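Here are some comments on the model for you to read alongside the coordinates. They take up strand pairing, helix packing and charged pairs in turn.

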Amino acid sequence: MIRSDRDNIILRCRELSQQFMVDMYVKIESERLRYLRYNQQKLRAEEYIHLRDAIAKNADTAEIGNSVILPSSYVGSPRHMQEYIQDAVTFVREYGRPCLFITFTCNPKWQEITSLLLPGQNAIHRHDITARVFKQKLKSLISFITKLHVFGPTRCWMYSVEWQKRGLPHAHILIWFVDKIRAEDIDSLISAEIPDPSTDQLLFDIVTTNMIHGPCGILNRSSPCMVDGKCTKRFPKDFINDTVTHIVGYPIYRRRSTENGGQSFIKTISNADIDIDNRWVVPYSPLLSKTFNAHINVESCSSVKSIKYICKYVNKGSDMAVFRIENTNVNAPPLNENDEITNYQIGRYISSNEAVWRIFGFQIHERDPAVIHLTVHLENGQRVYFTDDTALDRAINPPKTTLTEFFELCNRADAFGAFAQTLLYSEVPRYFTWAQSKKWMPRKKGTPVDACPGLFKSNNLGRVYTVNPRQTECFYLRLLLVNVTGPL
């Protein structure tokens, strides 16, 4: 297609706009980090008892509290990702291991993307379009599974969005069902075989386009998955006539050879025709693949023992290339090893798609139900946030926490207090909401509780913060809170 001068100008402007997006978000993130760095001394945290003692001794408030930290409220920080890992483990504690682990990758050939491109443009030129379309597709996929119940009723779910080196976004999704997937149901939900084109040509085209790995190995040693002459994804797989589940890890899905009824097709790579069979198929769901026409890797987690690894993998964050430059001048000041902001910025890579995604304000993590964080501390050991101007007031008026108000809730001389005494600390968020007034208030929406008229039950979960066993008294207090109902 011959492009006019006007089209060339528009195309070039679009390309420059993508670089402008990256530069703009880099400046946005740099300013946010710079604010955190230069306001470390204005906003500090300390245990209440230490602040009270320091004020009583007329100590200099500028020397109280921690400094140079990157808080968990900063999206994407190590502390933020660690919070989400522990929240995922909370789902496991309540509902057991997840049922499905899904990786959903953006397809640059979606009709919703290609129809909006100008002549001569590719999806890589319009990351604003790919970001918007993938956001809507991801929302539709979550609704398709959790609201339409295509695989059955859903208990909870969570996802995290990441970006590939080439810029396309993909989401790691964990799904928990009310009814666990049985071994005999896996073949009806997940397939690792090439469909028969005579019975389902559409699915055959989608799978052969999106769900074939490589090929790699001796067929293509230059494949990106090759490291030290081996495929990091362990392809090609072995042929097997029946799905095997009684193993550690993901099930070994059925992959029949062409002699036993399996399908194959010819794929041209570097002007060479290669016969592709079921050994190269990435596990997928026929229903999801036909509905969304994308690379959607679906794995059953029924036999996975390392659940903590899956929770970490889903919330691991983007890849980073870490390097360091040291000053050989002996008179130069030493580097701050505890500077969390600098450590976060080292090797930070921002692609055009991630920049656009963050500028649009799209969510990187979502989950349902909500996980409420519950503090654990000894008497007068709660965390206090203060500035130089508010230090005295904070020392006089100790802050309320979810733990201190849990004790107050159990002491209430009404039906709500009596009911709270039957609950574990982690169960309180199901029936009470943490209000802005720093109090546990009865929920007014959800399922009515017969044992306490006027109280409603939600599906929210509570997560009690972990405590290092070296903090002996606080550690044993946490053991009591997670095993003994309402304190008296």
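How many bridges join β3 to strand β10?

1. In this predicted model, four bridges join β3 to strand β10 (residues 365–368), and the two strands run antiparallel. Within this pairing, W157 has D368 of β10 as its bridge partner. Strand β3 also pairs with strand β4 (residues 169–177) in the antiparallel sense, over nine bridges, and there M158 stands opposite L174. Nine of the 10 residues of β3 (residues 154–163) are buried, so the strand is largely enclosed by the rest of the structure.

2. Helix α5 (residues 127–146) packs against helix α11 (residues 352–360) at an angle of about 60 degrees, their axes being 9 Å apart, and the crossing is right-handed. The residues making this contact include F134 of α5 and W357 of α11; by class, the contact has five nonpolar, four polar and three charged residues.

3. A salt bridge forms between D87 and R367, whose closest N and O atoms are 2.3 Å apart. This pair links distant parts of the chain, with D87 in helix α3 (residues 78–95) and R367 in strand β10, 280 residues apart. D87 counts as buried at 2% relative accessibility, whereas R367, at 22%, counts as partly exposed.

4. R430 forms a salt bridge with E94, with the closest N and O atoms 2.8 Å apart. Because R430 lies in helix α15 (residues 428–431) and E94 in helix α3, the pair ties together parts that are 336 residues apart in sequence. R430 is buried, with a relative accessible area of 13%, while E94 counts as partly exposed at 34% relative accessibility.

Technical notes:
Residues are numbered from 1 along each chain as its sequence is written. This is a predicted model: local features need pLDDT of at least 70, side-chain atom pairs count only at pLDDT 80 or more; totals for chains, interfaces and linings use all residues. Side-chain values use heavy atoms; hydrogens and water are left out. Axes are lines fitted to C-alpha atoms, for helices over the stretch in contact, and angles run from 0 to 180 degrees between N-to-C directions. A crossing is left-handed if the near helix is turned anticlockwise from the far one by less than a right angle, and right-handed if clockwise. Contact means heavy atoms within 4.5 Å. Ala, Val, Leu, Ile, Met, Phe, Trp, Tyr, Cys and Pro count as nonpolar, Asp, Glu, Lys and Arg as charged, and the others, Gly among them, as polar. Buried means under 20% relative accessible area, exposed over 50%, partly exposed in between (1.4 Å probe, protein chains only). Two strands pair if DSSP finds at least two bridges between them. A salt bridge is a side-chain nitrogen of Lys or Arg within 4 Å of a carboxyl oxygen of Asp or Glu.
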